[in-house]
Amino acid sequence: MLEFIQTNFPDIYKIGWDGQTGWWTATYLTFYMTFASFAVGGVMGLITGLALVLTGPGGVKENKVIFWILDTISSIFRAIPFIILLGIISPVTKMIVGTTIGPNAALVALALSVFPFYARQIQVVLSELDGGVIEAAEASGATFWDIVFVYLREGLPDIIRVTTFALVSLVGYTAMAGAIGSGGLGQVALVYGHQRWNYDVTFLATILILLMIFIIQFIGDYLSRKLSHK
């Protein structure tokens with residue numbers, strides 16, 4: 001098998017499996033950037049989306065000031081294209097991680113890009129829940145945190161669905177982050193494939209990215225259907 005690859009796809013073989021730019025390393029870095037950034041940006045988005053629903057019009061903790069602040073911040077960050085965000089926040093990135101290149105540097109921009117998008121998705125999901133369930137919880141004397149739990153429990157299948165969508169988007173963003181030397185399959189496709197006219201390298205990197213997306217989508221769809229009680 002290795003001899004076949006070496007003979008027919010020398011550029012793919014030349015990159016190797018291990019090392020700083022190997023196929024395994026690139027795949028791992030794409031996986032790392034996707035899930036590590038979501039661990040931060042996703043939590044930020046979940047809290048923000050929940051807060052938007054709770055403090056919004058008709059919310060259990062309606063507060064126009066807090067709602068306006070969160071709504072404005074989410075709108076601003078969501079409007080900034082990711083590739084531009086990478087450059088704008090480079091001073092902040094350097095202050096946090098000590099560098100503006102590499103996978104750890106990309107995590108800052110990736111987290112900030114997914115947080116407003118995910119917050120809006122969570123806001124939509126929770127806003128569409130049956131209001132009667134929330135009213136019943138309030139009428140029964142539920143505490144604030146009880147109501148928060150009701151929102152999360154009732155919206156869990158759809159939360160998983162939008163989480164899947166956010167993770168798929170992040171995989172795409174990691175490919176763009178390859179433009180600033182973040183590593184991962186995106187950088188392999190761009191630097192060692194496209195820029196050097198090695199289309200077999202670009203093709204394989206794209207296939208691996210798509211495979212990762214399909215796996216995330218399959219797991220997310222399965223869990224969403226499994227937990228759905230509608």
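Phenylalanine 31 comes out partly exposed, with 44% relative accessibility. Keep in mind that this is a predicted model.

**Phenylalanines in helix H3**
- Phenylalanine 35 is partly exposed too, at 32% relative accessible area.
- The ring centres of phenylalanine 31 and phenylalanine 35 are 4.6 Å apart, with 35 degrees between the planes.
- Why is this pair called tilted? Because stacked needs planes under 30 degrees apart and edge-to-face needs over 60, the 35 degrees here lands the pair in the tilted class.

**Tyrosines in helix H3**
- Going by the ring-pairing rule, the model has 7 aromatic pairs.
- One of them joins tyrosine 28 and tyrosine 32, a stacked pair at 6.2 Å centre to centre and 15 degrees between the planes.
- These two tyrosines also lie 4 residues apart in helix H3 (residues 23-55), about one turn of the helix.
- Tyrosine 28 is partly exposed at 44% relative accessible area, and tyrosine 32 counts as partly exposed at 27%.

**The nonpolar patch**
- Leu156, Leu211, Ile215, Phe218, Ile219, Tyr222, Leu223 and Leu227 make a nonpolar surface patch of about 730 Å².
- Helix H11 (residues 199-227) gives the largest share of this patch, with 7 residues.
- Tyrosine 222 belongs to helix H11 and is partly exposed, its relative accessible area being 40%.

Definitions and conventions. Residues are numbered from 1 along each chain as its sequence is written. This is a predicted model: local features need pLDDT of at least 70, side-chain atom pairs count only at pLDDT 80 or more; totals for chains, interfaces and linings use all residues. Side-chain values use heavy atoms; hydrogens and water are left out. Rings of Phe, Tyr and Trp (its six-membered ring) pair if their centres lie within 6.5 Å; planes under 30 degrees apart count as stacked, over 60 as edge-to-face and the rest as tilted. Buried means under 20% relative accessible area, exposed over 50%, partly exposed in between (1.4 Å probe, protein chains only). Patches are made of residues with over 30% relative accessible area and no salt bridge: like charges are joined within 9 Å, nonpolar side chains (Val, Leu, Ile, Met, Phe, Trp, Tyr) within 5 Å. Accessible areas come from the Shrake-Rupley method with a 1.4 Å probe; for residues, only the protein chains shown count as cover. A salt bridge is a side-chain nitrogen of Lys or Arg within 4 Å of a carboxyl oxygen of Asp or Glu.
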